[in-house]
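I opened this model to look up its sheet and its aromatic pairs. My notes are below the display.

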Amino acid sequence: MRGSGSQSLRLSRIAVAIAIGVFTGLVFAFLYPDGLFRSHPHSPDRLLLESDLQMVSSGCDSDAKIQALNEEIEALREKNAELNKQARELNEKLQLVEREKDGAQKQSLASSGLQPEAGAFGTVKGFRTNPTVVPDESVNPRLAKILQEVAVRKELIVALANSNVKGMLEVWFTSIKKVGIRNYLVVALDDEIEGYCKSNGVPVYKREPDEGIDSVGRTGGNHAVSGLKFHILREFLQLGYSVLLSDVDIVYLQNPFDHLYRDSDVESMTDGHDNMTAYGYNDVFDEPAMGWARYAHTMRIWVFNSGFFYIRPTLPSIELLDRVASRLARPPESWDQAVFNEELFYPSHPGYDGLHAAKRTMDLYLFMNSKVLFKTVRKDGNLNKLRPVIVHVNYHPDKLPRMQAVVEYYVNGKQHALDSFPDGSE
């Protein structure tokens, strides 16, 4: 009995406790319908949560805006490229009209025997451009047919190559294809290069057998082969084509025909490494023994590079080729680039009639030699952002690895591709 009463009392207490708990819960539910620990609308936690949500939303909006801006920038770039192309085409047409006018005036005066009249002060300009020769396809009908298929607007890139430069030739024509240039031709100096070009879809021309030229073409080094071009190029000019003569140690990064002036007989890249050496400067020679007349002013300019120049089919151009080829064919043995520049720049003097050819120096940062690139441009934070039209590895004997590094740097975007090379040669 006593145990039974104690158990009943315990159960009663539990029931009372449950009842109190339920009652208390009902009271709190009535007084605090939103919960006892609800967040205040302006509490830091709530503000932080709302801020996070806004940031997520804002981030999505920013991504969309960035995407829209990128699309707009790309559209503007395309429009700008198209406008630049139109401007170049209009400029070329204007230059063509001016050249034709200049040539017509020159021919008219020559045929009529009339003397020109001088205009007012500051308005007089000499004739800028020599007229082109009458094309003569009988000179080489086979080459004429090839040029009709390859050339664009009667101009093309021409390179001479034998098997000794096969590796460089591959980098050369690969860069040309990458840029999208169609008007180029390799003059093969042996059968292996002819076959190699055909197997790689490269326009190629092999001359008719000529033992005097072929023997040099098969076995000659860079300078010997380089000297042949002055003889071979003559036929191209006689056929009425302008030629951008190119060595094969050159990497193309833009279309060079978009950056030519075409107002001179010869338009050449320079071996100079800054504005003074490339375009000319007044070099003062000091001879103290002369006293009052100790200072003598001289004009200096670094030479044109005979491995990359644009030549128009004019009489002075053909005369230049004949002069250089003739000198290279007889003793003493000479370097073709030295002879090329001597014939272009030496004035007439007793016992010598100078060449009357118009000439222009190309922009040294667009048509860049390897001294400019490795000694200056790659180390300059502004210049290294520029994209040249070509890079000619003419100053360094390790040509192929430097050409490959130029491709890695400018085409593949590897910023340190040039770092391992010294400024000069070792």
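**Ground rules.** I am working with a predicted model, in which local features need pLDDT of at least 70, side-chain atom pairs count only at pLDDT 80 or more, and totals for chains, interfaces and linings use all residues. Residues are numbered from 1 along each chain as its sequence is written, and side-chain values use heavy atoms, with hydrogens and water left out.

**Sheet.** I took helices (H or I, at least four residues) and strands (E, at least two) as DSSP runs, numbered from the N terminus. Two strands pair if DSSP finds at least two bridges between them. I find an open sheet of seven strands in the order 3-2-1-4-9-6-10, with mixed pairing. Strand 3 (204-205) and strand 10 (359-361) are at the edges with a single partner strand each, so one side of each has no neighbour in the sheet. Helix 5 (residues 191-199) packs on the sheet and touches strand 1 (155-161), strand 2 (184-188) and strand 3; contact means heavy atoms within 4.5 Å. The direction of helix 5 makes about 150 degrees with that of strand 2; axes are lines fitted to C-alpha atoms, for helices over the stretch in contact, and angles run from 0 to 180 degrees between N-to-C directions.

**Strand 4.** I looked up how strand 4 (residues 242-246) is placed: five of its five residues are buried, so it is largely enclosed by the rest of the structure. Buried means under 20% relative accessible area, exposed over 50%, and partly exposed in between (1.4 Å probe, protein chains only). Ser242, Leu244 and Ser246 are on one side, Val243 and Leu245 on the other. Strand 4 runs parallel to strand 1, joined by four bridges, and Leu245 is the bridge partner of Val158. Strand 4 is antiparallel to strand 9, again with four bridges, and here Val243 stands opposite Ile311.

**Strand 6 and Thr270.** Strand 6 (residues 266-270) pairs with strand 9 (residues 304-311) in the antiparallel sense over four bridges, with Ser268 opposite Phe309. Thr270 belongs to strand 6 and is buried, at a relative accessible area of 0%. Its side chain reaches the backbone nitrogen of Gly272 at 2.7 Å. Beyond neighbours within four places in sequence, Thr270 is in contact with residues including Trp302, Asn305, Thr361 and Asn369.

**Rings.** Rings of Phe, Tyr and Trp (its six-membered ring) pair if their centres lie within 6.5 Å; planes under 30 degrees apart count as stacked, over 60 as edge-to-face and the rest as tilted. I count eleven aromatic pairs by this rule. The Phe173 and Tyr196 rings have centres 6.0 Å apart and planes at 50 degrees, so this pair is tilted. Phe173 lies in helix 4 (residues 166-179) and Tyr196 in helix 5, so the pair ties together parts 23 residues apart in sequence. Phe173 is buried at 3% relative accessible area, and Tyr196 is buried at 14%. For Phe230 and Phe309 the centres are 6.3 Å apart and the planes at 10 degrees, so the pair is stacked. Phe230 lies in helix 7 (residues 222-238) and Phe309 in strand 9, so parts 79 residues apart in sequence are tied together. Both Phe230 and Phe309 are buried. I also note one aromatic cluster formed by Trp172, Tyr184, Tyr252, Phe308 and Phe367.

Definitions and conventions:
Polar contact = N/O pair within 3.5 Å; in protein donor to acceptor, adjacent residues only side chain to side chain.
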